[in-house]
Amino acid sequence: MKKRIFAGFVASAMLTAMLAGCAGGGNDTAAQGADTASDNGDDGYSMTLIMSLRDEFLSALETGAKNAADQLGVTLATQDAQNDTSKLIQFIESARNAGDDAVLVNLVDAETAQQCIDAAGDMKVVFVNRAPADTSILNESAAFVGSDEMTSGGYQGDFLAEYFNEKGQTDVKYLMLQGTLGLVHTEQRSASVIQHMKDGGLNPVEAAAPLVADYDRATAMDMISPLLTTTDFDCIIANNDAMALGAVEAMTAQGLDPTSIPIVGIDATVDGIQAVKDGTLAMTVFQDPNGQGLGAVQAAVNMLEGKAINEGTEYEVDDENANIVWVPFEPVTPDNVADYE
């Protein structure tokens, strides 16, 4: 059974098992101007999912949330904040004014989480995918569902350590393509890959200053292109698949072989998986968008019903903060890539 299909079966089974306990008494009016994702009558809860933007991964998360809402009897509307915190706050306020029971928030800026909670008023708030900069603000009315970003970069670092140790190479010059600065997952992905390389016995050395490409494929391609023939480097580390694939395209455009060095990404997007199969990406890390979408909707329902936020899922809460649910990352290499198609 393939990983993506299996995850869908598991999610469906978990949600079906929870249906009997999820009939709430919330208002079913969607946020004003939103694109309604599901309409399940007047008996279920009403929620809005507000995304920072619609990229490939977050679109998959949106689909997972919609599917979860359909099965749980939740009326879910979705909004795209277009990377604008002020728009995100406005959408939260619109959801509150429309009488929503909960709002699911994919943060533009991790430092603005408290503003989001304040704007939500009496609504339950579930931050999804992007954690608040300060998770101590989470409580019985505000939770986080996502993946531990220290493990995502960690898997990249472990792979690179094994790769270069097998070559007998200790000093490793790297180019790093970073996502948006200020986001917690950008910082943690960048720090953990380097730490795991060191823990694996390598001496990682910057071949050039990190390139901030904002998780965008075209930006990454443009930014890294001038360095490919002017800089000595041994590998390319990207905070997500889109930027890693931008590096692949940049190398190909200059007649360079992207399989000649390890290029590593994160997210295991459809294009990322194909690149691992083709050998142009050395590895990626599977982040489960369907699982995060499911976990966020389920957490909101659980909070409204006074249950543990992970009830009805296979996911664990954080050891130190019961208001955090972790959806695990998984490394994807040529050895196991077929499991993720």
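At 1% relative accessibility, Phe164 counts as buried, where buried means under 20% relative accessible area, exposed over 50% and partly exposed in between, with a 1.4 Å probe and protein chains only. Tyr163 is partly exposed at 27%. Tyr163 and Phe164 form an edge-to-face aromatic pair. The model is predicted: local features need pLDDT of at least 70, side-chain atom pairs count only at pLDDT 80 or more, and totals for chains, interfaces and linings use all residues. Residues are numbered from 1 along each chain as its sequence is written, and side-chain values use heavy atoms, with hydrogens and water left out.

**Aromatic pairs**

The whole structure holds three aromatic pairs. Rings of Phe, Tyr and Trp (its six-membered ring) pair if their centres lie within 6.5 Å; planes under 30 degrees apart count as stacked, over 60 as edge-to-face and the rest as tilted. Two of the pairs are listed here.

| Pair | Centre to centre | Angle between planes | Class |
|---|---|---|---|
| Phe144 and Trp326 | 6.0 Å | 80° | edge-to-face |
| Tyr163 and Phe164 | 4.9 Å | 80° | edge-to-face |

Phe144 belongs to strand β6 (residues 142–146) and Trp326 to strand β14 (residues 324–326), so their pair ties together parts 182 residues apart in sequence. Phe144 is buried at 2% relative accessible area, whereas Trp326 is partly exposed at 24%.

**The chain as a whole**

The chain has ten helices and 15 strands, taken as DSSP runs numbered from the N terminus (helices H or I, at least four residues; strands E, at least two). Of its 341 residues, 54% count as buried. Contact means heavy atoms within 4.5 Å; among contacts between residues at least 6 apart in sequence, 71% join residues at least 24 apart.

**The largest pocket**

The largest pocket has a volume of about 460 Å³. It is lined by 25 residues, of which Asp55, Asp214, Tyr215, Asn240 and Ala242 are the closest to its centre. By type, the lining has eight nonpolar, seven polar and ten charged residues. Here Ala, Val, Leu, Ile, Met, Phe, Trp, Tyr, Cys and Pro count as nonpolar, Asp, Glu, Lys and Arg as charged, and the others, Gly among them, as polar.

A pocket is an open set of points on a 1 Å grid over the protein atoms alone, where a 1.4 Å probe fits, with protein on both sides within 12 Å along at least five of seven lines; lining residues have an atom within 4 Å of a point. Its volume is the space filled by probe spheres set on the points.
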